[in-house]
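Me: Could you walk me through this protein, fold by fold and contact by contact?

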Amino acid sequence: MAEVLIIEDDDRIRPLLVKGLRECGHAVTSAPTGMAGLQLAVDSSPDLVVLDLGLPDVDGTQVLSMLRGVSQVPVIIASARDDDPSLVGALDAGADDYVVKPFTSVQLDARVRAVLRRVDAGRQRPSSITVGGLVVDVTGRRVHLDDREVDLTPREFDLLAHLAERPGEVVTKRDLLVEVWRQPWGGADKTVDVHLSWLRRKLGET
Ligand code: CA
């Protein structure tokens, strides 16, 4: 399952795509214009964007260029245009895939899953992460702070590794519950607070 944002101005096609991808198990939001879509893409950080090219306000290729200025979210272009310049232009602007209308939602779902698999494969964990004096050996599951080994529980290690991989990024408690605790639904934010405070104590307020 992925969070998918559909940017499509056609009032007949948009609900069909939303419904189709929901039936394939995705969480889907949509926007009818380029600017509204861009705003949603930034605000809700979806896992993937399906983008039409012929939009009423800004051309899809421009939407894509603007989006690429702020985000590396995978983008599938879904357009009736099947000419080479459109296709090449979109891929050059940073699209990950291109589907020509008409297509079925089953086909689109297959593309969505293929693109996400590729992105995942490219995002494989590094074997070690260094942030300042902190060295996280991901493979060996050991942590050193200023050359001193820090003794962590497996959960604390997972939490630290997850945070160290994303220096400077805002990570929400919800993200941590999903990614570290694998509890997308009933998890308690309190659990995260407690583990974070243990981790802070062991590392000193770094
Ligand atoms: Ca259109």
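Here are some questions and answers about the sheets, helices, metal site and loops.

This is a predicted model, in which local features need pLDDT of at least 70, side-chain atom pairs count only at pLDDT 80 or more, and totals for chains, interfaces and linings use all residues. Residues are numbered from 1 along each chain as its sequence is written, and side-chain values use heavy atoms, with hydrogens and water left out.

Me: Which residue in β3 is the bridge partner of Ile6?
Reply: Strand β1 covers residues 3–7 and strand β3 residues 48–51. The two run parallel and share four bridges. In β3, the partner of Ile6 is Val50.

Me: Are α2 and α3 roughly parallel or roughly perpendicular?
Reply: Axes are lines fitted to C-alpha atoms, for helices over the stretch in contact, with angles from 0 to 180 degrees between N-to-C directions. Helix α2 (residues 34–44) and helix α3 (residues 60–70) have axes that come within 10 Å and cross at roughly 20°. Angles under 35 degrees count as roughly parallel, over 145 as roughly antiparallel, 65 to 115 as roughly perpendicular and the rest as oblique. That makes α2 and α3 roughly parallel.

Me: How many nonpolar residues are in the contact of α2 with α3?
Reply: Contact means heavy atoms within 4.5 Å, and here Gly34, Met35, Leu38, Ala41 and Val42 in α2 meet Val63, Met66, Leu67 and Val70 in α3. Ala, Val, Leu, Ile, Met, Phe, Trp, Tyr, Cys and Pro count as nonpolar, Asp, Glu, Lys and Arg as charged, and the others, Gly among them, as polar. The contact has one polar residue and no charged ones, and the nonpolar count is eight.

Me: How many residues apart in sequence are the parts that Asp9 and Asp52 tie together?
Reply: The calcium ion is coordinated by Asp9 (OD), Asp52 (OD) and Gly54 (O), at 2.2 to 2.4 Å. Donors are N, O and S atoms within 2.8 Å of the metal (3.2 Å for Na, K and Ca), and water is not among the atoms, so sites may look incomplete. Asp9 lies in the loop between β1 and α1 (13–23) and Asp52 in the loop between β3 and α3, so the pair ties together parts whose separation in sequence is 43 residues.

Me: Which residue in β9 is the bridge partner of His144?
Reply: An open sheet of four strands has antiparallel pairing in the order β6-β7-β8-β9, with β6 (128–131) and β9 (148–150) as its edge strands. Strand β8 (residues 142–145) is joined to β9 by three bridges. In β9, the partner of His144 is Glu149.

Me: At what angle do α6 and α8 pack?
Reply: Helix α6 (residues 154–164) lies across β6, β7 (134–137) and β8. Its contact with helix α8 (residues 189–203) includes Leu159 and Leu163 of α6 and Trp198 and Leu199 of α8. The helices are roughly perpendicular to each other, with their axes 10 Å apart and a packing angle of about 85°.

Me: Where is Pro102 found?
Reply: The peptide bond from Lys101 to Pro102 is cis, with omega near 0°. Pro102 is found in the loop between β5 and α5 (105–122).

Methods: Pairing = 2+ DSSP bridges.
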